[in-house]
Amino acid sequence: MWRHIASNALTFLIVLLFLVGGVIAWGTSQYSAEGPLDQAICVQVRSGSNMRVVSNELAEQGAISSAGIFRMGADYSEKTSQLKAGSFLVPEQSSMEDIVDIVTRGGQSTCGTEIVYRVGVTRVTAQVRELEPASGRFVELASFQPSEEETPAAYTETREADDTQYRVVIAEGVTSWQIVQALNSLEFMEGQVTDIPLEGALAPDSYQVRPGDSVAELLATMQTSQERILADAWAGRAEGLPLASPEEALILASIIEKEASTSDERFDVSSVFINRLNQGMRLQTDPTVIYGVTEGRGVLGRGLRQSELRAENPWNTYVISGLPATPIANPGASSIEAALNPSNTDFIFFVAKTLDPRDGHNFAVTLDEHNANVAIYRQLEAERDAQ
């Protein structure tokens, strides 16, 4: 009899193990299978939230088929404690495994309503925009210049919302003084900065920030980013460049940033200056003269005077030989890359193709070719002035 009982118990245990194994296999399959979403959604994870709250909200939005399996999968993958606050775009048909990764990965928020402060060369603008999950495109709700225009209602309403995200976008070619002035003016950031970072030391980029963040800490992040970009580019530089250090590369990159009208021509512009340096020619570039006048504190707002072109200062490349004493702006990664990997050309000269700087430049090897290009440009100026 005992043998019969033992046999039945063993059979029951085997069946139970098969059933448990089947349930685990089914749950695993459900966790990694395509999800029920028929279009992308924006999922908000509030600060202090937990995986139970998030899983229930996802189930209510129809993003997952089972809140329980979602939580078990997060526990099994040891990601439950890694939940990050923010607003995250969940693409259509995302599996539960994918969604767990999205809400625990960290990094910048990828959707929702945000206020973007754009620090440009000539102005600072504020933009309120919202991501439309279905299309993946941002819809602009308002845009204005904080120092000059009336604050739109959409901006005020968005500022008062708890889930609003903030972003600071620094354009290539902005000076360190301009960046500090812009950040100091943002009412949601803390700590006025008086010491201006070295010119060229701040990486132009898009930075997600939060109310109460420190201006000094954001500047430190920009500096660390620029150091990494410069170090990586220097390590991959072309051979035989007339640049003795990463600092000299940064100086050249800042000039390229100011002179190149299009992204495609950065490497050709770089080749002109590299060729001039190799031949012992002066760089003779107007942006360095402008920096000598303004020292990066604002926009000149007028044409250069002959006296300024002849003035002796550490930046006037019509007067000094070689590179100016410091960068003349904060160059982006593309200009740093161009400075260290120029096109292989014999170009020595360039001049704008048209009166619209977005059309780029005409490049030339000889002075005669350059003079012909200049004559074309002067004719365009004359035709404009005659209208």
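How are H2 and H3 oriented to each other: roughly parallel, roughly antiparallel, roughly perpendicular or oblique? I started my notes with that one.

**Ground rules.** I'm working on a predicted model, where local features need pLDDT of at least 70, side-chain atom pairs count only at pLDDT 80 or more, and totals for chains, interfaces and linings use all residues. Residues are numbered from 1 along each chain as its sequence is written, and side-chain values use heavy atoms, with hydrogens and water left out.

**Helix pair.** I looked up helix H2 (residues 51–60) and H3, and their axes come within 9 Å and cross at roughly 140 degrees. Axes here are lines fitted to C-alpha atoms, for helices over the stretch in contact, and angles run from 0 to 180 degrees between N-to-C directions. H2 and H3 are therefore oblique (under 35 degrees is roughly parallel, over 145 roughly antiparallel, 65 to 115 roughly perpendicular, the rest oblique). Helices are DSSP runs of H or I with at least four residues, strands are E runs of at least two, and both are numbered from the N terminus.

On the H2 side, the contact (heavy atoms within 4.5 Å) is made by Met 51, Arg 52, Ser 55, Asn 56, Leu 58 and Ala 59, and on the H3 side by Ala 67, Phe 70, Arg 71 and Ala 74.

**Salt bridges.** I took a side-chain nitrogen of Lys or Arg within 4 Å of a carboxyl oxygen of Asp or Glu as a salt bridge. The count comes to 12.

I checked Asp 101 with Lys 79 and got 3.6 Å between the closest N and O atoms. Asp 101 sits in helix H4 (residues 96–104), while Lys 79 is in the loop between helix H3 (67–76) and strand E2 (86–90), 22 residues apart. Arg 105 joins Lys 79 and Asp 101 in a network of salt bridges. Asp 101 is partly exposed at 27% relative accessible area, and Lys 79 is partly exposed at 24%.

Next came Arg 167 and Glu 114, a salt bridge at 3.3 Å, N to O. Arg 167 is in strand E6 (residues 165–170) and Glu 114 in strand E3 (residues 113–119), so the pair ties together parts 53 residues apart in sequence. Arg 167 is buried at 8% relative accessibility, and Glu 114 is buried at 3%.

Last, I looked at Asp 385 and Arg 384, whose side chains meet at 3.2 Å, N to O. Asp 385 is exposed at 57%, whereas Arg 384 is partly exposed at 42%.

Definitions and conventions
Buried < 20%, exposed > 50% of the residue type's maximum accessible area, 1.4 Å probe, protein only.
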